[in-house]
Amino acid sequence: MSDLRQQALDYHALPVPGKIAIELTKPAETARDLALAYSPGVAEPVREIAANPDDAYKYTAKGNLVAVISNGTAILGLGNLGPLASKPVMEGKALLFKRFAGIDAIDIEVKHRTNEEFINTVAAIADTFGGINLEDIKAPECFAIEQALIERCSVPVFHDDQHGTAIVTAAGLLNALEIQGKRIEESRIVCMGAGAAAIACMELLIKCGAMREKIYMLDRKGVIHTRRDDLNEYKKLFANNTDMRTLEEAIKGADVFVGVSGPDVLPAEAVALMAPNPVIFACSNPDPEIRPELAQSVRDDLIMGTGRSDYPNQINNVLCFPFIFRGALDARASCINDAMKVAAVDAIRALAKEPVPAEVLRAAGVDALEFGRDYVIPKPMDARLLPRVARAVALAAVESGVARIELPADYMLG
């Protein structure tokens, strides 16, 4: 682990600090180049944009530029370490945007005293960008912050900790239930965790067919039920009228366990109580709610997923957020709505059922992958994700009325 620590520090420090940089897209070698790039030539696109703001997409980088914005109140699993400490993560997110979807992204870390200050800051700069990716903002503040910014900004605003996690979880879970011979409408789901990711995951699963009354959510105090008087407005949405209070009571006979909480909180004894052919997504990173080896030592009929790349079925946001933004930017969508999220779920699900190209197998370090218990969701390095998910999202933007330009008929078709 000490070697990994030093390697990570060296990676971020050498040969130059950080992971992203600015590059020029136009020549800037001659006096003529500079006259066009700046004064006096730059006055011409200024006049055009002043007359028609949409021309910013024509004459500037706005249409391919995303802001990755955080206040550092929920950095990975490390907690509230402040805006500046979140900068490596936000630079990493910018790296992923560029690597997987060709999107230029810049990180912005915001110091503030109140939610309103944060909202005002982001809203004031939003028009600079084609989209805004909110990141590592703690619950429940993140819900109000995102909603306010969606209402105030004319570009898509997307809190990836909520919706990216939800989309990938839903795609993998629907496939896993299909393999296990179960329907989501009939499945009993236990969710360990009640923060931003947990609530977003369960809300999207409901949009995909899950029954709210069959979802049992737990926080640090146990089952969220109607007789508790310590619930915020978001947890109240998942308060069951039940006498169950503990994980062991809730998980007995459950078809699904989704963990977005912390390490080693799901004991093997609880796994043994689940219904036949269960699905367990233990997504706490880097250490899951239960190790796959331990869960599989209890029973051999389960499908297991984690957030880690060294186990099968990695539930990772990189499977969706770059491609969702690619589609949203290309359709010039005003927002990322539920139709676009569900379209992303369906596109990711479908890809897992197709034959896997040799280059993906090589990148994954395996000889074969076939839709089944150890492969319910595509690998993050699968290059087919970009055209499939981006096209599905962009078409959903058009069909749901939030796209502001027409797409070419062959958009993302090879």
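Tutor: Gladly; here are the labels, taken one at a time. This is a predicted model, in which local features need pLDDT of at least 70 and side-chain atom pairs count only at pLDDT 80 or more, while totals for chains, interfaces and linings use all residues. Residues are numbered from 1 along each chain as its sequence is written, and side-chain values use heavy atoms, with hydrogens and water left out.

Student: How do you know which residues carry the feature "binding site"?

Tutor: That comes from the UniProt record, an unreviewed entry, which places the feature at Asn 285 and Asn 316. UniProt positions are given in the numbering used here, feature names are shortened, and annotations may be inferred rather than shown by experiment. The two positions are spread over 32 residues of sequence, yet they cluster in space, with a largest C-alpha distance of 10.2 Å.

Student: Why is Asn 285 called partly exposed?

Tutor: Buried means under 20% relative accessible area, exposed means over 50%, and partly exposed is in between (1.4 Å probe, protein chains only). Asn 285 has 43% relative accessibility, so it counts as partly exposed. Asn 316, at 22%, is partly exposed as well.

Student: Where does Asn 285 sit, and what is it in contact with?

Tutor: Asn 285 lies in the loop between β9 (279-282) and α12 (292-298). Those element names follow DSSP runs, numbered from the N terminus: helices are H or I with at least four residues, strands are E with at least two. Contact means heavy atoms within 4.5 Å. Leaving aside neighbours within four places in sequence, Asn 285 is in contact with Gly 307 and Arg 308.

Student: What makes Glu 109 and Lys 87 a salt bridge?

Tutor: The rule asks for a side-chain nitrogen of Lys or Arg within 4 Å of a carboxyl oxygen of Asp or Glu. For Glu 109 and Lys 87 the closest N and O atoms are 3.7 Å apart, and the pair is a salt bridge. Glu 109 lies in strand β2 (residues 104-109) and Lys 87 in helix α5, so the pair ties together parts that are 22 residues apart in sequence.

Student: How do you know that Arg 227 and Asp 243 meet in a salt bridge?

Tutor: Their N to O distance is 2.8 Å, and the limit is 4 Å.

Student: What tells us how much area domain 1 and domain 3 bury between them?

Tutor: The domain bounds come from an automatic or database domain assignment, which gives domain 1 (12-25 + 61-155), domain 2 (163-306) and domain 3 (317-400). Buried area is the accessible area (1.4 Å probe) that two parts lose on being put together, summed over both. For domain 1 and domain 3 that is about 1,200 Å², 70% of it on carbon and sulfur atoms. Phe 97, Phe 100 and Ala 101 supply 39% of the area that domain 1 buries against domain 3, more than any other three residues.

Student: How many salt bridges does the rule find across that interface?

Tutor: Across the interface of domain 1 and domain 3 it finds 0 salt bridges, although the structure holds 30.
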